[in-house]
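I opened the model today to look up a few local features. My notes follow in the order I took them.

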Amino acid sequence: MSKSAFAFKSKFPTIKEWTKAFRSKTAVALPRATLSNYQMAEKGVKALNIQNPSNMTAVEIYPGLGLWTTAMKNIGFKRILTLEPQPFYRNWMKEQFSNESEGVVEVLKKDGYDWDTYVELKTSEYIGDLENQDWSQMHPNLLFTGTIPKGSKGEQLLAQFSSCIVNKMAMHSLGRVQMIFWVPDALYKKFVAPPGDHIRCKMSIIAEACAEVEVIQKTDPTDLYPNSEYYLVSVKPFEKKKLKSQWDVFEYVLKHLFVMQKKPLKHMVK
C-alpha cells in the first residue's frame with residue numbers, strides 16, 4: 001500500500017488539520033465547504049428513499065472530503081462519477097476510493113462549473129449511454145448531486161442548472177434527471193423565496209416554473225467544514241414546464257424586471 005500524502009492523527013482530519021492541509025499556499029480564504037459528519041450524510045442518503053440504487057449512476061460535483069460519496073456508495077449505487085477540480089481534495093478522494101470502492105467511485109479531474117464538462121460526460125465512456133427522453137417519469141438510472149459552493153459561484157451554478165431544466169441542456173439533455181444538492185443556507189432561502197419576499201430573484205422564479213423543490217434535511221453548523229448551515233435539497237423537474245412563452249422572450253423580460261425593478265412597469269414592457 002502506498003504511503004498517504006495526508007498525515008492526520010486519525011483517519012479523518014479535524015477542522016484544524018483540514019484548514020491547513022486543504023488550503024492552497026497562496027489562498028487567503030478557507031478551503032471550499034465540505035461535509036464533515038458522516039452520520040448526516042448517511043441520514044440524508046437514506047431519506048432519499050432510492051428504490052434501486054444498484055441501477056443508479058450518480059454524477060457528483062464538488063465532493064470535498066467525500067462523505068456524501070461514501071454514503072451513496074454504502075447504500076449500493078452502481079456507479080459514482082465524482083468531479084473534483086481542487087488538487088488537494090482530488091488527491092484525498094483518490095486515496096479514499098482507489099482501493100476501497102471496487103470501481104464504483106471514479107474520481108475525475110473535472111469542474112461542474114465548466115460547460116465542457118457536461119459535453120465530455122455525454123460520451124459513452126461516462127453517461128452517454130444513459131440517455132432517456134421519456135419525461136413522463138424521473139430518470140430511473142441517473143442522479144445529479146453534490147455540494148454547491150458558497151458565494152457568487154454557487155448562485156450562478158444553481159441558476160444555470162435551473163435554466164438547463166427548461167432548455168433540456170447539460171445533464172437534462174439526458175432526460176428528466178432529479179437533482180439533489182447540499183445548498184448553503186443563504187442561497188437556499190434565495191432559491192425558494194416566494195412572491196413578495198425581498199430576496200426573490202430571477203433564479204427563484206425560474207426554479208418555481210420548472211421544478212418541484214423540497215428540503216430533505218438541514219445540517220447543524222458543526223456538520224461542515226468550515227462550520228456552516230446547509231440544506232439537502234431535492235429538485236425534481238416537472239414533466240411539462242409551466243412556461244408558455246419562448247425561453248429567450250421570458251428570460252429577456254425577467255432580466256429587465258429585476259434590473260429595472262424600481263421603475264414603473266410601462267418602462268420595461270414595450
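Predicted model: local features only at pLDDT ≥ 70, side-chain atom pairs only at ≥ 80, totals over all residues.

I started with K94, which is partly exposed because its relative accessibility is 41%; buried means under 20% relative accessible area, exposed over 50%, and partly exposed in between, with a 1.4 Å probe and protein chains only. K94 sits in helix 4 (residues 87-97). I noted that helices (H or I, at least four residues) and strands (E, at least two) are DSSP runs, numbered from the N terminus.

Side-chain values use heavy atoms, leaving out hydrogens and water.

Most residues other than glycine have a negative phi, and most peptide bonds are trans. N49 is not a glycine, yet its phi is positive, about 55°. N49 lies in the loop between helix 2 and strand 2 (57-61). N49 is exposed, because its relative accessibility is 53%. A170 also has a positive phi of about 55° and is not a glycine. I found A170 in the loop between helix 6 (151-167) and strand 6 (178-184). At 12% relative accessibility, A170 is buried.

Which residues does a cis peptide bond join? I found Y225 and P226, with omega about -15°. P226 is in the loop between strand 8 (224-225) and strand 9 (230-237).

**Aromatic rings**

I then turned to the rings. The structure holds 14 aromatic pairs. Rings of Phe, Tyr and Trp (its six-membered ring) pair if their centres lie within 6.5 Å; planes under 30 degrees apart count as stacked, over 60 as edge-to-face and the rest as tilted. Y118 and F144 have ring centres 6.0 Å apart and planes at 85°, so I logged the pair as edge-to-face. The pair links distant parts of the chain, 26 residues apart: Y118 is in helix 5 (residues 115-121) and F144 in strand 5 (residues 142-147). Are these two buried or exposed? Y118 is buried at 5% relative accessible area, and F144 is buried at 1%.

Y225 came up again here. Ring pairs link Y225 into a cluster with F8, F12, W18, F22, Y89 and W92.

Note on methods: Residues numbered from 1 in each chain as written.
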